[in-house]
Amino acid sequence: MLALMARPPTPAASFVVRSFAPPRPAGRSLVGAEDLPRARARADAPAAASTGAAYSTSLSSSSSAEIEDEYDVLIVGSGIGGLSAAALLSHYGSKVAVFESHYAPGGAAHGYAVRSKEANGGEFRFDTGPSFFSGLNPKVPPKLSNPLRTLLDLIDEEVECLPYETFGLLFPEGAFVHSPNFGSARSGSLGMIESVAGEEGVTQWTSLMEKMDPLSQAVDAVPTLALRADWGVALTAGRFFPNFAELNPLENLKLTEPFSKVVASAGVKDAFVKNWLDVLCFCLSGVPSDGTITAEMAMMMGEFYDDDAVMDCPVGGAKGVVDALVRGIEKNGGKVFLKSHVEEIVVEDGKAKGVRLRKDPDRIIEAKEGVISNLSTWDLGVRDQRRKTPMCPSFMHLHVGFRMSREELEGLQAHYINVDDWTRGVEAEENCALVSIPSVHDDTLAPRGYGVLHAYTPATERYDRWANLKRGTKEYEALKEERSQF
């Protein structure tokens with residue numbers, strides 16, 4: 001249902017703690033502790049004080065003394081990809097060790113907590129990375145196209161989620177509530193596209209959804225976990241091939257093309273519809289529709305616009321996902337070692353043989369079967385790949401704890417997407433911002449009477465202005481204050 005809505009709260013008037021995370025080069029991984037700035041908690045009122053710490057996790061006390069000389073598989077980095085690989089391998093009997101530089105697992109999906117005297121010592125929990133989830137709720141039937149849900153079901157671990165259907169849009173055309181009926185009228189209510197672009201806009205949107213339907217079926221025809229790069233794919237994916245029998249193989253080739261081609265072939269010309277699709281692509285992949293592959297959008301369009309489409313708010317934030325994967329690793333004998341920076345992946349005769357840790361450089365921890373890297377291309381240090389892979393602009397984050405009653409929070413949306421000017425494009429600096437207010441649904445993230453907010457720019461912040469500044473200097477702090485005003 002279309003509805004005008006209030007803009008998100010202005011936290012500066014009533015915030016308790018605020019943490020501003022300036023950007024890193026977008027190519028940098030979050031697995032290195034020395035590369036990950038600790039969020040600075042700041043009290044605005046003289047009487048307030050706060051301290052910060054990492055989330056507690058379900059990890060057992062894995063210490064350096066427990067690191068054995070040899071494992072079947074070593075995994076460098078505990079981002080979602082590294083933890084997923086470890087959980088899967090542990091499930092099938094491999095002896096696995098994950099080495100993480102940081103004090104908390106999760107990579108970009110880790111979080112931290114702040115206590116404030118102004119909130120009577122209450123704890124505010126913030127996520128530093130992803131805040132928008134779908135397909136994880138164990139009470140909702142899974143889709144084959146969702147690899148993380150497939151993995152969680154396989155290892156028999158659940159993430160408690162609170163479902164919701166709407167989020168806010170603050171566009172030049174006005175303020176709206178996005179829902180699954182974005183492009184069509186349901187139950188007598190007016191779809192958003194019809195209200196802005198009229199019947200012609202709805203016609204174009206309907207044409208696009210018809211084009212996407214068989215592509216969505218193709219993406220959902222085989223579990224992502226069944227795909228592999230060797231002959232074994234015949235065994236793991238072969239039994240799903242009948243699902244493709246009624247699908248046009250030529251249409252399936254479009255899955256690897258830019259989404260903009262499918263948009264054009266559907267006859268979408270309305271400016272508002274095209275702008276929204278660019279925003280959606282940009283929020284999901286960091287590039288507009290001409291740089292986003294159709295396969296990604298084929299999965300996400302269903303997540304947003306199916307009749308039963310819902311989104312998930314993991315209770316406790318992204319930590320809930322990380323903890324579920326860690327539990328899956330540890331219950332099958334795997335280990336996750338924190339504050340264990342991998343200084344070198346040892347390669348002999350073209351094969352990865354093991355790793356050296358910074359804290360024990362004379363020792364090689366051997367891998368019988370191989371080493372999996374969850375590092376970025378830039379952190380891994382493969383020169384040819386680094387040279388060929390361009391860096392996108394950076395993200396800039398602002399975390400806020402603020403006063404607000406439960407009744408007031410329930411009048412807000414959990415997410416807002418703001419675009420100031422379509423003519424500048426979604427990639428322009430200071431033109432697009434996303435705001436996540438998980439406290440709208442999850443009351444475990446802040447003390448009673450308070451909420452948490454995470455605002456960020458989606459890969460639009462130039463890093464060059466930060467590159468030569470040293471953390472902790474007056475110049476660095478001044479630029480943080482200046483850039484946080486946007």
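**The chain as a whole**

Please keep in mind that this is a predicted model. Its pLDDT averages 82 over the chain, and 83% of the residues reach at least 70. Two stretches call for some caution. Residues 1-14 stay under 50 in pLDDT, and the model gives them 35 contacts beyond four places in sequence. Residues 25-51 are also below 50, with 74 contacts beyond near neighbours in sequence.

In terms of secondary structure, you will find 14 helices and 19 strands. Of the 486 residues in the chain, 49% are buried. Among contacts between residues at least 6 apart in sequence, 71% join residues at least 24 apart.

**Helix 3 against helix 8**

A helix packing is described by the angle between the two axes and the distance between them. For helix 3 (residues 192-219) and helix 8 (residues 294-305), the angle is about 110° and the axes are 9 Å apart. Angles from 65 to 115 degrees count as roughly perpendicular, and therefore helix 3 and helix 8 are roughly perpendicular to each other. On the helix 3 side, the contact is made by W205, L208, M209, M212, L215, S216 and V219. Helix 8 contributes T294, A295, M297, A298, M299, M301 and Y305. The residues of this contact divide into 12 nonpolar, 2 polar and no charged.

In the loop between helix 7 (271-285) and helix 8 sits S289. Is S289 buried or exposed? With a relative accessible area of 11%, S289 is buried, because buried means under 20%. Leaving aside residues up to four places away in sequence, S289 touches P258, F259, S260, D278 and C281.

**The cysteines**

A disulfide is a covalent bond between the sulfur atoms of two cysteines. How many disulfides does the chain have? The count is 0, with a cut-off of 2.5 Å between sulfur atoms. Two cysteines are set out below, each with C283 as the partner holding the closest cysteine sulfur.

| Cysteine | Closest sulfur | Relative accessible area |
|---|---|---|
| C281 | C283, 9.5 Å | 0% |
| C432 | C283, 5.3 Å | 1% |

The sulfur of C281 is too far from that of C283 for a bond, and the sulfur of C432 is likewise too far from that of C283. C281 is buried, and C432 counts as buried too.

Technical notes:
Residues are numbered from 1 along each chain as its sequence is written. This is a predicted model: local features need pLDDT of at least 70, side-chain atom pairs count only at pLDDT 80 or more; totals for chains, interfaces and linings use all residues. Side-chain values use heavy atoms; hydrogens and water are left out. Axes are lines fitted to C-alpha atoms, for helices over the stretch in contact, and angles run from 0 to 180 degrees between N-to-C directions. Helices (H or I, at least four residues) and strands (E, at least two) are DSSP runs, numbered from the N terminus. Angles under 35 degrees count as roughly parallel, over 145 as roughly antiparallel, 65 to 115 as roughly perpendicular and the rest as oblique. Contact means heavy atoms within 4.5 Å. Ala, Val, Leu, Ile, Met, Phe, Trp, Tyr, Cys and Pro count as nonpolar, Asp, Glu, Lys and Arg as charged, and the others, Gly among them, as polar. Buried means under 20% relative accessible area, exposed over 50%, partly exposed in between (1.4 Å probe, protein chains only). pLDDT is the predictor's confidence in each residue, from 0 to 100.
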